[in-house]
Protein chains: 2
Amino acid sequence: MQKLSNNELNRPAVDDYKSQQKLPYVIILDQVRSALNVGSVFRTSDAFNVSRLYLCGITATPPQKEVLKTALGATESVEWEHRESTVDLIVELKSKGYKVYAIEQVRNSISLENFDAKKEPFAIVFGHEMDGVSQEVVDICDGAIEIPQSGIKHSINISVCAGAVCWEIYRQLKFNK
Amino acid sequence: MQKLSNNELNRPAVDDYKSQQKLPYVIILDQVRSALNVGSVFRTSDAFNVSRLYLCGITATPPQKEVLKTALGATESVEWEHRESTVDLIVELKSKGYKVYAIEQVRNSISLENFDAKKEPFAIVFGHEMDGVSQEVVDICDGAIEIPQSGIKHSINISVCAGAVCWEIYRQLKFNK
């Protein structure tokens with residue numbers, strides 16, 4: 001099995017990427033402390049065709065050096081903006097018809113394998129590395145999605161978590177599965 | 001929606017975790033340079049119930065400080081061993097009936113959404129951050145799995161990639177989807 005060269009991968013140029021149709025959902029990072037995690041979510045959003053990334057509150061923004069380090073160029077391709085208040089943003093998105101889901105372990109959460117990404121448009125909220133999405137933000141969301149897991153740890157890293165969630169949504173919407 | 005406390009999550013203790021039945025696959029890290037990535041894969045393997053982690057060649061091993069930093073205790077729960085030669089390990093696993101798949105962009109790869117995790121047991125090989133899985137290792141694998149993606153970048157980070165792949169396998173095997 002011959003490995004493909006970068007040319008053979010046929011990745012779009014930045015301008016072509018920007019004009020591609022995106023998947024009908026946005027990601028909200030609510031108080032994500034680590035700039036490396038923010039950069040990683042940029043790179044994942046680029047790969048999995050996320051419409052827009054909202055960086056809220058204390059979340060690091062480009063061109064902060066550590067964001068650029070893990071984004072590896074994806075800050076140029078992914079549409080993003082900073083918002084001071086996550087609550088105000090969610091109220092705005094809901095008024096535009098978005099359903100908003102926190103990635104969080106709460107009573108009556110939706111287990112990720114049962115989340116139906118075909119009910120569009122929607123927003124996914126990832127929270128602080130230690131504290132998760134704040135209760136105040138959880139309270140105004142339409143629902144919460146929980147990643148089921150079997151391990152001793154209470155959670156997985158936010159970058160990894162975004163990888164699992166964005167893959168699940170991409171799989172459903174891109175391949176109609 | 002009330003957030004759950006750590007107690008309410010009912011995570012197993014290390015000894016209970018070790019005696020749990022694991023999913024019938026192993027992960028091979030082939031020349032993964034970053035100890036932080038290795039630790040992250042430990043944490044992901046713990047969450048998604050991977051049987052064993054093989055750290056090959058130059059891949060960092062516990063108790064290296066940066067592995068422990070991102071593993072957050074998962075080096076205690078996940079079974080692991082170091083092997084010098086990835087090729088020798090793959091030959092050994094194949095002789096025991098494992099199918100071995102590289103996560104790599106090659107001609108005639110299996111796109112992740114088409115991978116059937118129910119054909120057990122199997123091994124998944126993740127490679128070097130820049131160079132991927134070496135051609136020598138790819139050549140002795142039974143197949144390659146590729147993560148389809150739409151972005152400008154040629155790849156996603158290995159920790160994120162492991163999150164997507166391990167979630168896909170967990171979803172299929174744990175929930176029979």
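Modeller: In chain B, β4(B) and strand β6 (residues 122-126) are paired in the parallel sense over four bridges. Two strands count as paired if DSSP finds at least two bridges between them. Strands (E, at least two residues) and helices (H or I, at least four) are DSSP runs numbered from the N terminus. The model is a predicted one: local features need pLDDT of at least 70 and side-chain atom pairs count only at pLDDT 80 or more, while totals for chains, interfaces and linings use all residues. Residues are numbered from 1 along each chain as its sequence is written, and chains are lettered from A and ligands numbered from 1 in the order in which they are written.

Four of the five residues of strand β4 (residues 99-103) of chain B are buried, so the strand is largely enclosed by the rest of the structure. A residue is buried if 20 or more other C-beta atoms, placed from the backbone, lie within 10 Å of its own, exposed if 12 or fewer do, and partly exposed in between.

B:Ile103 belongs to strand β4 of chain B and counts as buried because it has 25 C-beta neighbours inside 10 Å. Setting aside neighbours within four places in sequence, B:Ile103 is in contact with B:Ile124, B:Val125 and B:Phe126, and also with B:Val133, B:Ile145, B:Cys161 and B:Val165. Contact requires C-beta atoms, placed from the backbone, to lie within 7 Å. B:Leu23 is 80 residues from B:Ile103 in sequence, and their C-alpha atoms are 18 Å apart in space.

The sheet around this strand is open and has seven strands in the order β3-β2-β1-β6-β4-β7-β5 (chain B), with parallel pairing. Its edge strands are β3 (80-83) and β5 (110-111) of chain B, each of which pairs on one side only. α2(B) lies across β1 (23-30) and β2 (50-56) of chain B and runs at about 165 degrees to β2(B). For that angle, axes are lines fitted to C-alpha atoms, for helices over the stretch in contact, and angles run from 0 to 180 degrees between N-to-C directions.

Chain A has an open sheet of seven strands with the order β3-β2-β1-β6-β4-β7-β5 (chain A) and parallel pairing. β3 (80-83) and β5 (110-111) of chain A are at the edges with a single partner strand each, so one side of each has no neighbour in the sheet. Strand β2 (residues 50-56) of chain A runs parallel to β3(A) and is joined to it by four bridges, with A:Tyr54 opposite A:Glu81.

A:Asp142 sits in the loop between α6 (135-140) and β7 (143-146) of chain A. It has 14 C-beta neighbours inside 10 Å and therefore counts as partly exposed. Leaving aside neighbours within four places in sequence, A:Asp142 is in contact with A:Lys99, A:Val100 and A:Tyr101.

Seven helices and seven strands make up the elements of chain A. Its radius of gyration is 16 Å, close to the 16 Å from the globule rule for 177 residues, so chain A is as compact as a globular protein of that length. That radius is taken over C-alpha atoms, and the rule is 2.2 Å times the number of residues to the power 0.38. Of the 177 residues of chain A, 49% count as buried.

As for the pair of chains, chain B can be laid on chain A with an RMSD of 0.0 Å by a turn of 180 degrees and a shift of 0.0 Å along the axis. This is the relation of a two-fold axis. The superposition is by least squares on the C-alpha atoms of residues with pLDDT of at least 70 in both copies. Between the chains, 52 residues of chain B are in contact with 52 residues of chain A. On the side of chain B that touches chain A, α7(B) gives the largest share, nine residues. Of the interface residues of chain B, 100% are also interface residues in chain A, so the copies meet through the same surface.

Methods:
Contact = placed C-beta atoms within 7 Å.
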